[in-house]
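Have the structure open as you work.

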Amino acid sequence: MPVSRRTLAAAALCLALPLSACGSGGDGGGSTDASGKVEGDITFQTWNLRANFKDYFEGVIADFEKKYPDTHVKWVDQPAEGYADKISADAAGGTLPDVVNVSPDLVAPLAKAGLALDLDKAAAKYEKEYLAGAWASHRIPGMTGTYAFPWYLNTGPLFYNKSLFKKAGLDAEKPPKTYDELFADALELAKKSDGKVATLANVPTIEDFGRYGVELMNNQGTAFTFNDAKGVQMLAKYKELYDAKALDPQALTATPESSGRKFLTEAVAMNPGSALDLGNFKKQAPNLYKNIGITDQITSTGHVNMYVMGVMVNSKTKHTPAAVAFAHFVTDAEHQMSFAKKVAIFPSTAGSLDDPYFTKEDGTDETRVRIAAAKSLKNAVNYTPVLFSEQMKTALRNEVAKALQGKESPKAALDNAVKQCNTLLQQQG
């Protein structure tokens with residue numbers, strides 16, 4: 001699928017899988033034993049990747065079939081639109097491919113239905129090859145096991161306007177790293193600019209609560225818990241920012257594009273972005289470009305947020321050794337590294353981010369952003385709960401808006417959001 005950071009952020013599609021219909025997984029078959037001979041015909045499904053990466057994947061498949069002459073891999077690619085529905089239909093009909101490109105939220109219902117192979121049982125020997133946070137990203141609350149190989153990662157550094165920091169009397173070489181520092185600097189920027197300069201253009205999301213250190217969900221995966229004292233404290237601070245105009249007044253309806261424009265016109269001091277944005281600044285706002293700073297995402301836990309894609313093995317495959325071997329082959333260090341050099345993503349394999357490609361400056365904006373992002377990914381985590389659907393994101397956003405506008409207290413807003421999300425969670429089955 002398209003692999004920009006924002007696209008990945010929006011890729012959490014809600015999958016309404018009829019668990020009872022597919023729990024039996026079609027016509028039987030399947031084994032958790034991946035130690036046998038690697039042989040047989042398997043099908044590999046990707047998510048909107050053929051158009052741009054046909055040669056790459058055909059090369060990977062050819063290499064695999066050369067290594068394992070008794071295998072044949074059929075590659076199918078599905079469009080981005082309706083991908084979750086396609087997986088749901090295949091799962092219900094017993095036609096799910098042997099190896100499937102998934103995101104963590106797509107794995108959850110498949111794992112609950114018994115259709116995702118538990119790699120902790122079938123492929124535990126490979127775990128050490130991957131970053132710990134990436135391997136853990138396909139675990140499901142309330143279940144034991146890991147249900148997909150981590151594939152490519154993405155994250156985004158934070159841009160900040162050094163000139164605006166200097167004008168407010170702040171140290172432009174020491175941007176805020178934690179939320180407490182961010183809140184203090186934001187209030188100072190708003191005060192010194194008489195409310196003309198906001199620091200942020202977006203309301204807090206579930207990832208923000210995670211990076212603040214809020215416990216988002218119980219260990220059993222049966223209830224959301226982000227309305228605890230720490231969650232309420234964070235939303236109260238955002239309310240303080242909103243009242244002081246340190247949070248942009250239009251943040252309640254902001255999109256990534258509108259937030260980017262605010263940053264471009266120097267009405268906002270900090271904003272997430274990519275190398276593509278740097279190129280736009282260079283052309284459209286040379287003064288901003290000259291004063292641009294790049295820093296890590298704000299976090300009070302010491303871990304930034306990452307977005308992750310995975311490769312799942314169908315537990316009902318008739319060729320478990322071949323399916324596991326291929327899923328591992330696609331996601332091993334060599335192939336992730338070659339893929340990362342074709343598109344702006346990052347490998348999930350241990351040690352890969354130490355490659356000069358992710359550490360050595362060459363004077364270009366693209367490399368500058370890539371190095372900043374890669375550095376933060378080594379111990380990043382996927383804060384978005386795998387069971388947190390698009391409907392839940394909307395419920396949280398609506399309640400946050402009410403709190404910021406003073407229509408509800410921060411506690412009441414989060415209590416209401418958690419209640420709505422837990423109701424939706426129960427409906428997931």
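This is a predicted model: local features need pLDDT of at least 70, side-chain atom pairs count only at pLDDT 80 or more; totals for chains, interfaces and linings use all residues.

Residues are numbered from 1 along each chain as its sequence is written, and side-chain values use heavy atoms, leaving out hydrogens and water.

**Exercise 1.** Classify the ring pair Phe64 and Tyr68.

- Step 1: Rings of Phe, Tyr and Trp (its six-membered ring) pair if their centres lie within 6.5 Å; planes under 30 degrees apart are stacked, over 60 edge-to-face, and the rest tilted.
- Step 2: A search of the whole structure gives 32 aromatic pairs. For Phe64 and Tyr68, the centres are 4.9 Å apart and the planes are at 50 degrees, so this pair is tilted.
- Step 3: Check accessibility (buried is under 20% relative accessible area, exposed over 50%, partly exposed in between, with a 1.4 Å probe and protein chains only). Phe64, at 0%, is buried, while Tyr68, at 22%, is partly exposed.

**Exercise 2.** Classify the ring pair Tyr179 and Phe183.

- Step 1: Their centres lie 6.0 Å apart with planes at 45 degrees, so the pair is tilted.
- Step 2: Both Tyr179 and Phe183 are buried.

**Exercise 3.** Which charged ends sit over the ring of Tyr357?

- Step 1: The test asks for NZ of Lys or CZ of Arg within 6 Å of the ring centre and within 35 degrees of the ring normal.
- Step 2: Lys341 has its charged end over this ring, 5.6 Å from the centre of Tyr357.
- Step 3: The charged end of Arg370 also sits over the Tyr357 ring, 3.7 Å from its centre.
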